[in-house]
Amino acid sequence: MPVISPSAFASSDRRAANDPAASVPTALREKVRRLERANSVRRSGKAAAVPLGLPAIDALLPEGGLLTGALHEIEAGPCPSGRVAPHDGAALGFAAHLLGRFGPGTILWCRRTIGRFDAPPYAPTLSPWFDPARLLMVTAHRDEDLFWAMEEGLRCPGIAAVLGETRAADPTAGRRLSLAAEKNGVPALLLRAQPAPPQSVCATRWRIASAPSCSTPGLKDVGAARWRLELRRNRFGAPSIAEIPSWLVEWNDETHCLAVVPETLHGSSGQFFEERLFEERLVS
Amino acid sequence: MRLADARALVPDLVTTPGDPQADQRLIETIAGWCDRYTPWVAIDPLGGALAEEGSEACSAGGFGGDAGLLLDVTGCAHLFGHDEAGERALLADLVARLTRHDFTCRAAMADTAGAAWALARYAERQADLFCPRHGQRDALASLPVEGLRLEAPILETFVKLGLRRIGDLYPMPRAPLARRFGDLPLTRLDQALGARDEVLEPRRAVPAFRTRLSFVEPIGRPEDIAAATSRLLAALCRQFEQAGVGARKLEIALYRVDGSVDRTAIGTSRPNRDNPKLMKLFEEKLGELDPGFGVELMILAAPEVEAWSGTQDVLPEAGALALSLGADGTIDLADRLALRLGAENVVRLLPRDSHLPERVQVSVAVSSQPAADGAWRRLAGLKGARPTRLLQRPEPVEVTAFVPDDPPSVFHWRRHAHRIVRADGPERIADEWWRPRPDGSRPPANTVPPVRDYYRVEDDDGGRFWLFRDGPYKLAANGQPTARWFLHGFCA
């Protein structure tokens, strides 16, 4: 996995802006994109994009954030060891973070039940991201119904965002969702517990995996949740150096903010330095 | 007559076993069809009872000629003509249509249900079947006493005493009659003559609001049905406006030319009389209706209505939210979703003050009051770290722990070993002893309530889980630990 520091992205962007040769295709691309999206944004009267609150990631995204009138896919990636992720708790957390960034209004949460092994989202844990009183929970027994409910939600003016939890990857449904989202300026999120064949129409595709947290030095407690974030598709965004830009982010449960953890080396070296720093402080 | 006797008389008698259930279904179908004349249709309870007896005795004919329907057509006959002419036309129409469907029937109309019942069964002349207003006393006088809906022993005694006609009872002193036979004969007589009220129990709830549209030519195309529905809806919405109500439930019935009726209903989360919105709900449902060979009559009824308050109530606690839910069409969206997915599948979440994690979150109907602003955040602040997903049923896991009261070092779940690197806990959550158990029983007094010790653990792959042990660590007599471990949720 290539490791790139967040500052590397920022500098590459600046370089692209200053270089006239590089700016021509960029400007052209920008123009086409604006033509494509002009109508939908004007009609919805909402912000074209909302920032994630992570400058390093927002710099790569179009309009400086996540497009509101578009389809976004979030999938639970495999564990660092390559094993299939046992659960999508981290992906759900990231999806909740995104939902919290979108404007006020009702959030339509559509999901399919999986019988007795069903694990619905737990509202008290979602409350740091958004008020669960805004949630309208919809349970569908078939994928067609789920996609239909999402589409109906996207057409409703009072809906802030629509999230669908499904394993199905239906290109037609994805296309319809994307069109409905673009027309009404309402973001649609697809949350997948397992990586699925990519939808060609989605604006961004994220792969989230749980990453080892950082304990209090000297203890073996569970630290703040850390996620490995991969931006696997960024349709209208700025190109990045890395093939798949990836970040390690940390969700602080007390300050309720998501931050990129600087990475200098692989693995838990950061943790190693932190521990040494702590020990030095103890000694002095 | 017994079957053997009947066979002796007519050797090539065709017999079929009686099927009371099928008879009941048929009479229900006919009753449903009769909704075209009035919403107030009752199946004659005596007719049903006789039909059952008849079938046991193998009498010829499905109903033994005894099954009956009672229709209260007060205020319904004006659709067929003015006053008496309309009533006569309704009666003629009813008989003609039933005859066209190959039913042999006799229908009578009178001011009271009792008089109509007697006339339909015992009137000798066709002209007597229609009893003019206040004419039941004369009309009944010549009918046999069987027309009073009485039990067989009383009737036998009447006949023995020479009381053969209903008219014979008119001059009888009432007190001795009541002393001799009880209240029933006088009650029936008074009901038949209209001196005492008789309440028919309608088969289906009678809607307060109802419109109908009949067609000269049967219609069958979906567009035509949609257009007709739209017209009916417009008429009904006008009725709602005059009465100051809104519909909670609407039912549309298609009366097909083959005599069958197809119904479908829509529901709304709050009183609604917005014609386009209701029409949109119907559009979802109209596809399910089968017009068959054609529809000759459509009836739109509102079985449930509520007072209309103009707009969604502004709730004091969560004013902005409730207002937004009402004003921006979210409620209408919820109605549309509920129509296709079922009302129980479109819910809102409410917090509940409980220690048990699975009881904290309650699903309620969309129309109920939403949680107050910040209620969830307050609740979450009171609890420890919680998972983002909670398993509906905790799943048992196999656990290896070096020290009994410590968090486990390895747990096996779904055939995967998870080596635990970090752990938080325990957080002890005791059962709520003040609440009855799920089976309704109360926990016995003076016992320690069951406890769970929750641990938040992280495995070597960074996956975070929420595990619990049901009860403190103890060894049973055979040396095995009594407490079991469960996985209850997935953390972010």
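These legends walk you through close-up views of a predicted model. Local features need pLDDT of at least 70 and side-chain atom pairs count only at pLDDT 80 or more, while totals for chains, interfaces and linings use all residues. Residues are numbered from 1 along each chain as its sequence is written, and chains are lettered from A in the order in which they are written.

**View 1. Helices α6 and α7 of chain A pack together.** Here α6 (residues 143-155) and α7 (residues 171-184) have axes 9 Å apart, at an angle of about 10° (axes are lines fitted to C-alpha atoms, for helices over the stretch in contact, and angles run from 0 to 180 degrees between N-to-C directions). The two helices are therefore roughly parallel (angles under 35 degrees). Helices are DSSP runs of H or I, at least four residues, and strands are runs of E, at least two, numbered from the N terminus.

**View 2. Residues where α6(A) meets α7(A).** Look for Phe147(A), Met150(A) and Leu154(A) among those from α6(A), and Leu177(A) and Ala180(A) among those from α7(A); contact requires C-beta atoms, placed from the backbone, within 7 Å.

**View 3. An open sheet of 4 strands in chain B.** The order is β3-β6-β4-β5, with antiparallel pairing; strands pair if DSSP finds at least two bridges between them. At the edges sit β3 (209-219) and β5 (261-272), each pairing on one side only.

**View 4. Strands β4 and β6 of chain B, side by side in the antiparallel sense.** Residues 245-256 and 295-307 form these strands, which pair over 10 bridges. Ile252(B) has Leu300(B) in β6(B) as its bridge partner.

Terms used:
Parallel < 35°, antiparallel > 145°, perpendicular 65-115°, else oblique. Contact = placed C-beta atoms within 7 Å.
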